[in-house]
Amino acid sequence: MEILKTHAVHGGTLRYLKHDSAATGTPMTLSVFVPPGEGPFPVLIWLSGLTCTEDNFTTKAGAYAAAAEHGVIIVAPDTSPRGEGVADDPAYDLGQGAGFYVDATRAPWAPHFRMETYVVEELIGLIETNFPTTGARSLSGHSMGGHGALTLALRHPHLFRSVSAFAPISSPTRCPWGEKAFTAYLGPERGAWNAHDAARLIEGGVGGGCYDDILIDQGDADPFLTEQLKPDLLVQAGQAAGQKITLRMQPGYDHSYFFMASFIGDHLAFHAARLKG
């Protein structure tokens, strides 16, 4: 991996990296924070939301003090393939910056938009090879990335110790963002969508019982809460399937990184307890 930039932060080292991806067929960028000390360290993979790159979480979430305290590596990849020859759409919620963490099966997206394979196979392999890890890892994310964290953790529970999310798209088969993206990436047959819907997966018993708890923070002033995010569907699915889900409705908080920065320390502590347990 090519090192683009290096910064010292909270006693650790933050690197911006670039590599050629076999999964997407494009260059991919990411940031990796390694806490102070020799390691090895467990890993938290962070998945960002619509329009974001690896830089949004890295510069805005304020996560590295807690990561240094708990001794956790944080990996923040870009949200989609990018570049010349990569399919795109003029809208912010489809195409580059909006990969939805699925492997697309439809043209023109299928050649490059393979974000599930990228995260659970290629990215994990790169981090294990190049950084001092214990082999224990967890997932978290925001909005579209919260959807990604939940669905990838449920679909691949052998890879992750824990999962949490901020304002996730809880049931993309039942909201405009998800319906638009899944139609484009996976086709119009809605039955194929359920495998990438966290609430539907839990309802169907996929990944159920693999996690002692799933932590969700949601602001009650989030403008997308009712139409797009629908965390109540996730809670209902958990109750029906016997999967504990801790939903914390945070009064006055919106969808921004100010919200995440306010509670990221709680999520680091949540994951650290399970990564080291």
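Predicted model: local features only at pLDDT ≥ 70, side-chain atom pairs only at ≥ 80, totals over all residues.

Residues are numbered from 1 along each chain as its sequence is written, and side-chain values use heavy atoms, with hydrogens and water left out.

Next I looked up the strands (DSSP runs of E, at least two residues, numbered from the N terminus, as are helices, which are H or I runs of at least four). E2 (residues 12-20) and E3 (residues 27-34) run antiparallel and are joined by eight bridges. For two strands to pair, DSSP must find at least two bridges between them. I traced an open sheet of six strands, with mixed pairing and the order E1-E2-E3-E5-E4-E6. E1 (2-9) and E6 (133-141) are at the edges with a single partner strand each, so one side of each has no neighbour in the sheet.

Then the rings: I found 14 aromatic pairs (Phe, Tyr or Trp, using the six-membered ring of Trp, with centres within 6.5 Å; planes under 30 degrees apart are stacked, over 60 edge-to-face, the rest tilted). Trp-46 and Phe-57 have ring centres 4.5 Å apart and planes at 20 degrees, so I logged them as stacked. Trp-46 is in strand E4 and Phe-57 in helix H1 (residues 54-60), so this pair ties together parts eleven residues apart in sequence.
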